[in-house]
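Please look over the sequence and the model before reading on. This short report goes through a few of its features.

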Amino acid sequence: MATSDWRLEGEWIKNCNCAFGCPCDFNALPTEGYCKGMVGMRITKGHFQDTKLDGLMFAVTVDFPGALHEGNGQIQPIIDERATAEQREALFNIMSGKFSAEGTLFQILSMIVTKIHDPLFVPFEFSFDKDGRVARVVAKGVLETEVEPIKNPVTGQPHRIQVVVPEGFEHRAAEVASANIRSTGAIKFETQGTHSSLANVVQTPEGVAA
């Protein structure tokens, strides 16, 4: 696929219905046999061609009937309402995978998704503390998710664990935590105490840069 000049640097959250330690990171089947979840990002620094994306937030809710590599997925993009028309187009261009090399995050996503629901443009709240394993994303009226540390079942103390993926296409290292999710858009689901990954990422047309 054709690549282009773009870059997304920022704070990345992936929360889903699986047990802690998302099986997808290990090329294993989803805990419940299917995947419902979300990814979200606060862009600290980014651009597509000449369009700046600094400070914008977005999320995508996902629904796959089986393992992700089996395809037939549905997604709904949810975009920061502050994005201008040019910024919205820029984000959709990046998400489309048309401007990414083969085997990169958005290019892979384009191959396994068969239905894209109409995007939503709403106010966002986004808080993120990777090392503390605490985060919160609210896309007003459509999505809420909170992240907290996994707790030791005996002592109740925070339990810390990381996943390192040296050749990962989503991130290279992430803190694993516990998520609650409430999604009320086109893809509806709710979870409590399920998987969360928190990472600082840099995505480019050639893949993960950090």
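The sections below cover cysteines, pockets and one histidine.

## Cysteines

This is a predicted model. How many disulfides does it have? The count comes to 0.

Take Cys16. Its closest cysteine sulfur belongs to Cys22, 4.2 Å away. A disulfide needs the two sulfur atoms within 2.5 Å, so the pair of Cys16 and Cys22 is too far apart for a bond. Cys24 is in no disulfide either. The nearest cysteine sulfur to Cys24 is also that of Cys22, at 4.1 Å.

Are these residues buried or exposed? Cys16 has a relative accessibility of 3%. Buried means under 20%, so Cys16 counts as buried. Cys24 has 26% relative accessibility. That value lies between the 20% and 50% limits, so Cys24 counts as partly exposed.

## The largest pocket

The largest pocket has a volume of about 850 Å³. Its lining is made of 34 residues. Which of them are closest to the centre? They are Cys24, Leu68, Leu105, Phe169 and Glu170. Cys24, the partly exposed cysteine, is thus also part of this lining.

Several elements each supply at least two lining residues. They are strand S1 (6-16), strand S2 (35-48), strand S4 (57-64) and helix H2 (105-112). H2 gives the largest share, with 5 residues. By class, the lining has 24 nonpolar, 6 polar and 4 charged residues.

## The second largest pocket

The second largest pocket has a volume of about 220 Å³. Which residues line it? The list runs Ile75, Pro77, Phe92, Met95, Ser96, Lys98, Phe106, Leu109, Ser110, Val113 and Ile116.

Strand S5 (73-80), helix H1 (85-96), H2 and strand S6 (113-116) give two or more residues each to this lining. H2 also supplies residues to the lining of the largest pocket. By class, the lining of the second largest pocket has 8 nonpolar, 2 polar and 1 charged residues.

## His171

Where is His171? It is in the loop between strand S13 (162-164) and strand S14 (173-184).

What does His171 touch, leaving out residues up to four places away in sequence? Its contacts are Val165, Ser197, Ala199, Val201 and Val208.

Definitions and conventions:
Residues numbered from 1 in each chain as written. Predicted model: local features only at pLDDT ≥ 70, side-chain atom pairs only at ≥ 80, totals over all residues. Heavy atoms only, no water. Buried < 20%, exposed > 50% of the residue type's maximum accessible area, 1.4 Å probe, protein only. 1 Å grid on protein atoms, 1.4 Å probe; cavity = no way out; pocket = protein on both sides within 12 Å on 5 of 7 lines; lining within 4 Å. Points joined across faces, edges and corners; volume = space filled by probe spheres on them. Helix = DSSP H or I, 4+ residues; strand = E, 2+ residues; numbered from the N terminus. Nonpolar A, V, L, I, M, F, W, Y, C, P; charged D, E, K, R; others polar. Contact = heavy atoms within 4.5 Å.
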